[in-house]
Amino acid sequence: MLLLRRALIFRSDPTTASVEVEKPHHPPKTQIRVRTNAAVKFMSNSINTESNRERKLSLSLKSASSCSSGNTEFSSASPPDVIIVGAGVAGSALAHTLGKDGRHVHVIERDFTEPDRIIGELLQPGGYLKLIELGLEDCVEQIDAQRVLGYALFKDGKNTMLSYPLKKFHADVAGRSFHNGRFIQKMREKAAELPNVRMEQGNVTSLLEENGTVKGVQYRTKDGQEHKAYAPLTIVCDGCFSNFRRSLCQPKIEVPSSFVGLILENCQLPFANHGHVILADPSPILFYPISSTEIRCLVDLPGQKLPSIRNGEMANYLKNIVAPQIPPELYSAFISAISEGNIRTMPAYPLPTPGALLMGDAFNMRHPLTGGGVTVALSDIVTLRDLLRPLHNLNDAALLCKYLESFYILRKPMASTINTLAGALYKVFSASPDQSRKQLRQACFDYLSLGGTFSDGPMALLSGLNPRPLSLVLHFFAVAVYGVGRLLFPIPSFKRIGIAARVIWCASGIIFPIIKAEGVRQMFFAATLPAYYRAPLNR
């Protein structure tokens, strides 16, 4: 089986990113060649021919496929306004959103069969609100999606239940968990229903560029023919294994750990409708329902070298190290899932530097522990939609590029809050022999167990209901101060004072590098950036 390690890529400042813009009538002089990524092919190889969703999508795409004999324009009078590379969660949602606003959209997707992935299976309540805002809330219906009302946290035989603060919202507002492929197929169906959205199967091999401006794409259809498509704006949404990220950015790469995924069947979680986080040794274990009969298990394995699946090392590790630490209600199903041998691994969070406009996982990923990826992607789409709505003409490359710089600033509240929280929680929840790290981990568990504001505040941040980076920093250091208080009460000793000082130092060492990578000015002082005040072009 194929093992795909996670790559941690620290972000750089994207506020000067350029956008690919041009009139679609003039072919370019140069091309940017991109290698085919075999990992992408592996992750989308599941074909469910009996699926009603797939049959519907096939019918929706039939008319688009029949007109792909070389003419990449909708008609001579209405060429595409936007080309979207990839029809995953971000690509499909963006195609539907822009199409509903009257844009002519050409979507090129490598494979329209239902994906089989272990990522993008959780939608936070804040993401569900964005789904409603985009008119896509019915995409979580009829796919056996499960309502998620919060998390249960387990540590050393103790547990605490953390609920989302949903009292101010409609009863239907909650998190959702589901099979990623089913969710994507529903969104593709919605996009394909619009007459001005063309969905075409093809493998994009290069971006077409002239004088530093991307003007379109070159792609190969299923029958092996090469085609070129041009549009004023090209948006790349080809997922975490993006063929184009390396061409458009120069990321710094670290490989801290890998997530191993299993599906547990015919068992019940200790707390219904809640995700479960086990603060295990050496790192967290995550459980959440993805259907009425299936539970996803994600086990984080730190380090760059994974146990081998082929010779049974992975199965032995899961049975002997991981299994004893999970709740007894899930033990038998966990052992059965290991015996079946369907063990998957996944990568994590890359982020591009200035270049062509990217969306979704191709643009920004974070640690999957908090399940915030789909929420951030939908929030980004709402931001981009609102920026593009006042624009009637996308053909002025320089002005559009400058105007869309504001996208990278306006997306920050939601994206940086969820990104920072995911990275910080992973480091706090991971086991460590260091005494200060142990104290910080215990303080976090006890702080959240207090309930009230102490749990509602962090849960509002995690759920995307309160995307405020400053609130995140305050709660994070409140945890550290709470840990210091536990150490110094009732009578402090020199040893405890030393550990307390190291707890504050440890907390600072966790969160400040993440904030620096996100961009201090963009997170906390966005109003001081000129791009924050960009006016629409027609003004």
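In this predicted model, the cysteine sulfur closest to that of Cys 267 belongs to Cys 297, and at 9.8 Å the two are too far apart for a bond. A disulfide is a covalent bond between the sulfur atoms of two cysteines. The cut-off applied here is 2.5 Å between the sulfur atoms, and a search of the whole structure finds zero disulfides. Cys 267 counts as buried because its relative accessibility is 13%, under the 20% limit. Cys 237 is likewise buried, at 5% relative accessibility.

The chain as a whole gives the setting for these residues. Its secondary structure comprises 17 helices and 19 strands. Of its 539 residues, 60% are buried. The accessible surface amounts to about 22000 Å², and carbon and sulfur atoms account for 53% of that area. Among contacts in the chain with a separation of 6 or more, 77% are between residues 24 or more positions apart.

Where does a strand sit that pairs with two others? Strand β10 covers residues 197-210, and twelve of its 14 residues are buried, so the strand is largely enclosed by the rest of the structure. One of its partners is strand β4 (residues 105-109), which runs parallel to β10 and is joined to it by five bridges. Within this pairing, Ile 108 has Glu 200 of β10 as its bridge partner. Another partner is strand β11 (residues 213-221), which pairs with β10 in the antiparallel sense over eight bridges. Here Val 204 stands opposite Tyr 219 of β11. The β10 and β11 strands form a hairpin with two residues between them, and in this hairpin Asn 211 takes a positive phi near 55°.

Glu 109 forms a salt bridge with Arg 188, with 3.6 Å between the closest N and O atoms. Glu 109 belongs to strand β4 and Arg 188 to helix α5 (residues 180-192), so this pair, 79 residues apart, links distant parts of the chain. Are the two partners buried or exposed? Glu 109 has a relative accessibility of 8% and therefore counts as buried. Arg 188, at 1%, also counts as buried.

An open sheet of three strands has the order β5-β9-β6, with antiparallel pairing. Its edge strands are β5 (122-123) and β6 (146-148), each of which pairs on one side only. Strand β6 is joined by three bridges to the antiparallel strand β9 (residues 175-177). In this pairing the bridge partner of Gln 146 is Ser 177 in β9.

A salt bridge also connects Arg 176 with Asp 172, where the closest N and O atoms are 3.1 Å apart. The two partners fall into separate accessibility classes: Arg 176 is buried at 7% relative accessibility, whereas Asp 172 is partly exposed, with a relative accessible area of 32%.

The count of salt bridges comes to 16. Among them is the pair formed by Lys 412 and Glu 518, whose closest N and O atoms are 3.3 Å apart.

Helix α9 spans residues 373-388 and has 16 residues. From its first C-alpha to its last it reaches 23 Å, close to the 22 Å expected at 1.5 Å a residue. Buried residues make up 14 of the 16 in α9, so this helix is largely enclosed by the rest of the structure.

Methods
Residues numbered from 1 in each chain as written. Predicted model: local features only at pLDDT ≥ 70, side-chain atom pairs only at ≥ 80, totals over all residues. Heavy atoms only, no water. Buried < 20%, exposed > 50% of the residue type's maximum accessible area, 1.4 Å probe, protein only. Helix = DSSP H or I, 4+ residues; strand = E, 2+ residues; numbered from the N terminus. Pairing = 2+ DSSP bridges. Contact = heavy atoms within 4.5 Å. Areas by Shrake-Rupley, 256 points an atom, 1.4 Å probe, with all protein chains shown as cover. Salt bridge = Lys/Arg side-chain N within 4 Å of Asp/Glu carboxyl O. Expected span 1.5 Å × (residues − 1).
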